[in-house]
Amino acid sequence: PAPPALLPYMPRVPAAALPGKLTATTFALERPRCVFDCHANASDAVWLAVAFANASAAFRNPPSRADVPRYEGLPTARSYMTLETPAAAYACSAPSSAILRVGGDTACGDQAGQDPCNGPLPSPGPYRVKFLVMGCHGPKAETRWSDPILLRRANSPSTIDPAPTRCRSDMVIIASVLASLGAMLAVLVLGALGATAWGSLCRRDSGTSTFARRSYRTHHIPPALPRPPGCRCSPPGLGCFAPQPPRPCPAE
């Protein structure tokens, strides 16, 4: 058979920001339109060939649909074909979505290799892809291989953070504020308890010191001296005095 026609179209990942454009197991492609109209008819199908980048040069187009490499053989064959779609779905007049999802079928493997499958990609790659038009008698046209497509690396389950980064930062800030308030409360409580204990010790010490410094004075009474003859006593504690003779009366 004649070799398939080489089309100038090159598959590519959308340049615009797109949720899930590249994940650990899937990637998005721009959906080709008006690319196969001159090379395909209503009975033809368009396939996507996926290969590891270093194995794309060794890929050989299958001669018929029965020889299409399956998804389950990717680890050993290093390539497979998927997304079998009627050529009319890529026509200029066909309404269709803007992207194709490669690797989005998580149920792959249940078919036991009977049908082509669009299963999750097993590693970050990189990969190369091309579109291939298959007719009843084999390949009819093909696009160029894409540039290498590298997927994101998957995190291990132990490193996955279930909370968004902003929430985690807020939780850290709240925890820091609560820790500071707890520390301040602990300082205030300890300060109050320390002041109470110190005041109690001071009062106890004050009573002991007062008792120790307190002096008790007793009234010392000197021993009584011998009374002279004719001595009469004044009130106690003032001593004794001899009686004085009366003063003579003044002369008239």
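Is Arg-12 buried, exposed or partly exposed, and what is its relative accessibility? Arg-12 counts as partly exposed, because its relative accessibility is 44%. The points below concern a predicted model.

1. Arg-12 forms a salt bridge with Glu-30, in which the closest N and O atoms are 2.9 Å apart. The pair links distant parts of the chain, since Arg-12 belongs to the loop between β1 and β2 whereas Glu-30 belongs to strand β2, and 18 residues separate the two. Glu-30 is likewise partly exposed, with a relative accessible area of 24%.

2. Lys-21 is placed in the loop between β1 (5-6) and β2 (27-30). This lysine deserves a careful look, being buried and yet without a salt bridge; Glu-30, the nearest side chain of opposite charge, is 9.0 Å away. Leaving aside residues up to four places away in sequence, Lys-21 touches Val-13, Pro-14, Ala-15, Ala-16, Thr-26, Phe-27, Ala-28 and Arg-101.

3. The sheet is open and has five strands in the order β1-β7-β6-β3-β4, with mixed pairing. Its edge strands are β1 and β4 (79-86), each of which pairs on one side only. Between β1 and β7 the pairing is parallel and runs over two bridges, and Leu-6 stands opposite Glu-142 in β7.

4. Glu-142 also takes part in a salt bridge with Lys-130, where the closest N and O atoms are 2.5 Å apart. This pair links distant parts of the chain, with Lys-130 in strand β6 and Glu-142 in strand β7, twelve residues apart. Both partners fall under the 20% limit for burial: Lys-130 is buried with a relative accessible area of 5%, and Glu-142 counts as buried at 14% relative accessibility.

5. A further salt bridge joins the side chains of Glu-84 and Arg-65, at 2.8 Å from N to O. Glu-84 lies in strand β4 and Arg-65 in the loop between β3 (45-52) and α1 (74-77), so the pair ties together parts that are 19 residues apart in sequence. Glu-84 counts as partly exposed at 36% relative accessibility, and Arg-65 is partly exposed with a relative accessible area of 40%. The count of salt bridges comes to four.

6. Turning to the rings, the count of aromatic pairs comes to seven. One of them, Tyr-9 with Phe-131, is tilted, at 6.5 Å centre to centre and 50° between the planes. Because Tyr-9 lies in the loop between β1 and β2 and Phe-131 in strand β6 (residues 127-135), the pair ties together parts that are 122 residues apart in sequence. Tyr-9 and Phe-131 are both buried.

7. Phe-131 forms another aromatic pair with Tyr-90, which is edge-to-face at 6.2 Å centre to centre and 65° between the planes. Here Tyr-90 lies in the loop between β4 and β5 (99-102) and Phe-131 in strand β6, so the pair ties together parts that are 41 residues apart in sequence. Tyr-90 is buried, as is Phe-131. Together with Phe-36, the residues Tyr-9, Tyr-90 and Phe-131 form one aromatic cluster.

8. A charge and a ring meet where the charged end of Arg-78 sits over the ring of Phe-52, 4.0 Å from its centre.

9. Arg-153 is found in the loop between β7 (138-142) and α2 (165-213), and it counts as exposed because its relative accessibility is 70%. Although 131 residues separate Arg-153 from Leu-22 in sequence, their C-alpha atoms are 10.0 Å apart in space. Leaving aside residues up to four places away in sequence, Arg-153 touches Ala-24 and Pro-124.

Key
Residues numbered from 1 in each chain as written. Predicted model: local features only at pLDDT ≥ 70, side-chain atom pairs only at ≥ 80, totals over all residues. Heavy atoms only, no water. Helix = DSSP H or I, 4+ residues; strand = E, 2+ residues; numbered from the N terminus. Buried < 20%, exposed > 50% of the residue type's maximum accessible area, 1.4 Å probe, protein only. Lys, Arg positive; Asp, Glu negative; His and termini not counted. Contact = heavy atoms within 4.5 Å. Pairing = 2+ DSSP bridges. Phe/Tyr/Trp six-rings, centres within 6.5 Å; stacked < 30°, edge-to-face > 60°. Lys NZ or Arg CZ within 6 Å of the ring centre and 35° of its normal.
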